[in-house]
Amino acid sequence: QLGSDLPFFFSPSPLALAWGRGDRLLPLPTLPVAWVLLALPPLAVPTPRAFGLLAHDRGDSPPTRPPRFFSDDAFSSWEAVAQIARNDFEEVIYREYPILDQIREAISESGCRLARMSGSGPTLFGVYADEKSAAHARSSLEALFPDTRFLLSRTASRGPGALMGVGVE
């Protein structure tokens, strides 16, 4: 009832593969620290609305996907993670809020390693190789989307306790 992402924040790992309602976690090796650009558009996507859109899109039956098997190196780098990363909310949320897809596409084209929507939205993010690339993208994107707030941060190098030391500019 508190949210499917809560178990992750009690996990000792800064990176984990989650399934179910987020209560099943497989800790993964830590990726190198990377710069992250967060995009905070001036709109809200209420969580019940997001889940309603997803449920409506799926119809009466839950999706039936075959099990996914990952190679040992599937989580070895940001580029590898980008190849398998997915967010089930993106398709339905982007249809309802097309500006979010436009911002995500612009982030993707700005030279990042990975661009996705966070959770059920509306926050979007891009993962960059270095601070200079992320800062350049921030400047460009602020000009394209003046109503959206862009923040620079870095990924954690240790478990959730390390999150207290991560700064946001």
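Let's start with a term: a residue is called buried when its relative accessible area is under 20%, exposed when that area is over 50%, and partly exposed in between (1.4 Å probe, protein chains only). What you're looking at is a predicted model, where local features need pLDDT of at least 70, side-chain atom pairs count only at pLDDT 80 or more, and totals for chains, interfaces and linings use all residues. Residues are numbered from 1 along each chain as its sequence is written, and side-chain values use heavy atoms, with hydrogens and water left out.

**The sheet**

- Helices (H or I, at least four residues) and strands (E, at least two) are DSSP runs, numbered from the N terminus.
- Four strands make up an open sheet in the order β4-β5-β3-β6, and their pairing is antiparallel; two strands pair if DSSP finds at least two bridges between them.
- At the edges sit β4 (114-117) and β6 (149-154), each pairing on one side only.
- From one strand to the next, the twist averages 20° (axes are lines fitted to C-alpha atoms, for helices over the stretch in contact, and angles run from 0 to 180 degrees between N-to-C directions).
- Strands of a sheet pair through backbone hydrogen bonds, either parallel or antiparallel.

**How the strands line up**

- β4 pairs with β5 (residues 124-128) through four bridges, in the antiparallel sense, and L124 in β5 is the bridge partner of M117.
- β3 and β5 also run antiparallel, joined by five bridges, with L38 opposite F125 of β5.
- Between β3 and β6 there are six bridges, again antiparallel.

**A closer look at L40**

- L40 belongs to strand β3 and stands opposite R149 in β6.
- Setting aside residues up to four places away in sequence, L40 touches T123, T148, R149 and L151 (contact means heavy atoms within 4.5 Å).
- L40 and I103 are 63 residues apart in sequence, yet their C-alpha atoms are 9.9 Å apart in space.

- Helix α4 (residues 89-96) lies across β4 and β5, at about 70° to β4.
- Helix α5 (residues 98-108) lies across β3 (35-40), β4 and β5, and runs at about 5° to β5.
- E90 is part of helix α4, and its contacts beyond four places in sequence are R104, R116 and M117.
- The side chains of E90 and R116 are joined by a polar contact of 3.0 Å; that term covers a pair of N or O atoms within 3.5 Å, where, within protein, one must be able to donate a hydrogen and the other to accept it, and residues adjacent in sequence count only if both atoms are side-chain atoms.

**Helix α6**

- Helix α6 (residues 131-144) has 14 residues and reaches 20 Å from first C-alpha to last, close to the 20 Å expected at 1.5 Å a residue (the expected span is 1.5 Å times one less than the number of residues).
- Which residues of α6 are buried? They are A134, A137 and L141.
- Seen down the axis of α6, the buried residues fall within an arc of 60°, so they line one face of the helix (the arc is that of the directions from the helix axis to the C-beta atoms).
- Covering those buried residues are elements including β3, α5, β5 and β6.
- Turned away from the buried side, the other face carries the exposed residues K132, H136 and A143.
- At the start of α6, a side-chain oxygen of D130 comes within 3.2 Å of the backbone nitrogen of K132.
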